[in-house]
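Here's a quick look at how some strands line up with one another. Take a moment with the picture before reading on.

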Amino acid sequence: MDNDQSKTIYARRIPVLGKVRQKEGTFYIEEHAVCNQAVGFLCPQCNKPVIIKPMVAGHLTAECRNCHTRVVFTAEHESDITIIPDKDPAQPAHSPVPVDDAQDAHENASSQPSLIEEEQSGELPALAKLSWGHWRKRQEAVLHEGVNLIGRVDKKQSSDIVIDDPLASVRSVEIKVSPTSAGYEFRLKVRRATNPVFVNGIVVPKGGVVLLTHGADIKMGDTVIKFKMLTP
């Protein structure tokens with residue numbers, strides 16, 4: 001009888017990335033992944049399948065949705081559609097910590113204006129939708145062309161879309177919506193993050209940029225946000 005679970009756990013025939021090893025308390029995989037290609041591995045703690053699709057190159061961290069164990073791996077850059085972050089490799093796994101308001105205030109965001117800071121004439125069309133929360137307290141917000149700031153509620157540094165989550169940072173991420181010949185593209189950039197920001201289970205480091213696709217999951221603090229396009 002074949003005891004190799006890696007051959008049978010992926011019903012969609014997603015390639016297995018490699019064996020998870022451990023060094024100095026950190027789980028890691030030696031084999032490299034390729035940007036924009038789905039791969040998987042078995043969680044070293046709960047043995048559940050973890051499916052990932054890295055969208056940036058470099059040292060990244062994947063999180064098991066079942067037991068939240070984090071595994072470090074390396075993704076290779078394949079095309080110029082994503083931007084390689086110029087930050088250090090992903091930090092070892094850690095639990096979310098309370099966000100320091102003073103630190104957030106000190107780390108003032110870049111001078112790029114948000115939709116709130118710009119005077120808009122007329123109502124802009126909604127190009128994408130974000131939704132989060134439990135079904136009884138489901139919240140939604142829309143994205144417009146330009147820069148949309150998302151972050152924790154803060155009176156001094158307002159965001160276009162606010163998340164009631166003490167583990168999320170103020171003005172944590174921005175989603176830039178830009179027109180292209182094929183429609184619109186949605187680029188998420190991490191501006192600041194006391195706790196990691198995840199896109200589809202992959203840590204996006206501070207300064208990292210990824211191209212969002214329909215149905216992507218964005219995790220800030222303890223909040224998981226579903227991204228859906230409203231236009232091709």
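What follows is a short tour of a few strand pairs, a hairpin and a sheet.

This is a predicted model, where local features need pLDDT of at least 70, side-chain atom pairs count only at pLDDT 80 or more, and totals for chains, interfaces and linings use all residues. Residues are numbered from 1 along each chain as its sequence is written, and side-chain values use heavy atoms, with hydrogens and water left out.

Strands here are DSSP runs (E, at least two residues), numbered from the N terminus. Two of them count as paired if DSSP finds at least two bridges between them. In general, strands of a sheet pair through backbone hydrogen bonds, either parallel or antiparallel.

| Pair | Residues | Bridges |
|---|---|---|
| E8 and E18 | 128-132 and 223-229 | four bridges |
| E17 and E18 | 217-220 (E17) | four bridges |
| E10 and E12 | 146-152 and 173-180 | five bridges |

Let's start with E18. Lysine 228 in this strand sits opposite lysine 129, while threonine 223 in E18 is the bridge partner of methionine 220. E17 and E18 make a hairpin with two residues between them, and glycine 221 in that turn has a positive phi of about 65°.

Now for the sheet. Five strands form an open sheet in the order E11-E10-E12-E13-E16, and their pairing is mixed. E11 (161-163) and E16 (209-211) stand at the edges with a single partner strand each, so one side of each has no neighbour in the sheet. On average, neighbouring strands of this sheet are turned by 20° against each other, direction ignored; the axes are lines fitted to C-alpha atoms, and angles run from 0 to 180 degrees between N-to-C directions.
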